[in-house]
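Trainee: I would like to learn how to read salt bridges and pockets from a set of coordinates. Could we work through one case?

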Amino acid sequence: MTNQSTIDKLIEMRLTAMADAFRIQMNDPTMKEVPFEDRFGMLVDVEYSNRKNNRLKRLIRQAEFEQPDASIAAIDYHSRRKLNKSLINRLATCEYITEYRNIFITGATGSGKTYTACAFGMEACKHLYIPFQVSHLHGQTEPVPRKMRATLTETEPVLFDANYQTTAC
């Protein structure tokens, strides 16, 4: 089997990152000294990382965050905001999801509730929890479509801000 046919088969099997890494390895003369098992491991690592990154990007895109650049690391902990940094860092581990708990974020207008909810949602996506959108909860909820309801599991998080707006995560 020629190298080009191997690359074509990898692409046909939708292993494009592995095919690209294989091309790079073929063109790198120093790779000829690396044992087969190590080279193969590198190829698998590239494909695995690519798939994991693509899934994370897809989850974040599906979540439709109001502030997709939100990050736990960027939260402002000034003393006037009275935020408990250790609590936020503990919540960022997403243990609350596996414990079937919710997060309610309250505060004055403009205090960063939506940003914080989006930051927690981003962390949930990084832990590969499936995002979904629930309608606004002003007195009543709209029914969740049957197809979506069938895909939901008990451990999927929903974040609410003080106005009972939901943030998918």
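Predicted model: local features only at pLDDT ≥ 70, side-chain atom pairs only at ≥ 80, totals over all residues.

Trainee: Are Arg51 and Glu47 buried or exposed?

Mentor: Arg51 counts as partly exposed, at 43% relative accessibility. Glu47 has 6% relative accessibility and counts as buried, because the cut-off for buried is under 20%.

Trainee: How many salt bridges does the structure hold?

Mentor: Four. Among them is the one between Arg23 and Asp20, where the closest N and O atoms are 2.8 Å apart. Arg23 and Asp20 are three residues apart in helix α2, so about one helical turn separates them. Arg23 is partly exposed at 31% relative accessibility, and Asp20 is partly exposed at 39%.

Trainee: Which side chain does Lys126 meet in a salt bridge?

Mentor: That of Glu123, at 3.4 Å from N to O. Glu123 is buried, with a relative accessible area of 15%, whereas Lys126 is partly exposed at 42%.

Trainee: Now the pockets. What volume does the largest pocket have, and which residues lie nearest its centre?

Mentor: For a pocket, read the volume, then the lining, then the elements behind the lining. The largest pocket holds about 280 Å³ of space. Its lining has 16 residues, and Leu83, Ile88, Ile105, Thr106 and Thr116 lie nearest the centre. Helix α4 (85-91), strand β1 (103-104) and helix α6 (113-126) each supply at least two lining residues. By class, the lining divides into eight nonpolar, six polar and two charged residues.

Trainee: How does the lining of the second largest pocket divide by class?

Mentor: Into seven nonpolar, two polar and one charged. The volume of this second largest pocket is about 170 Å³. Its lining includes Thr6, Leu10, Met18, Phe22, Gln25 and Arg39. Helices α1 (3-12), α2 (16-27) and α3 (36-63) are the elements that give two or more residues to this lining.

Trainee: Which element gives the largest share of that lining?

Mentor: Helix α3, with four residues. The Arg51 and Glu47 pair also lies in helix α3.

Definitions and conventions: Residues numbered from 1 in each chain as written. Heavy atoms only, no water. 1 Å grid on protein atoms, 1.4 Å probe; cavity = no way out; pocket = protein on both sides within 12 Å on 5 of 7 lines; lining within 4 Å. Points joined across faces, edges and corners; volume = space filled by probe spheres on them. Nonpolar A, V, L, I, M, F, W, Y, C, P; charged D, E, K, R; others polar. Buried < 20%, exposed > 50% of the residue type's maximum accessible area, 1.4 Å probe, protein only.
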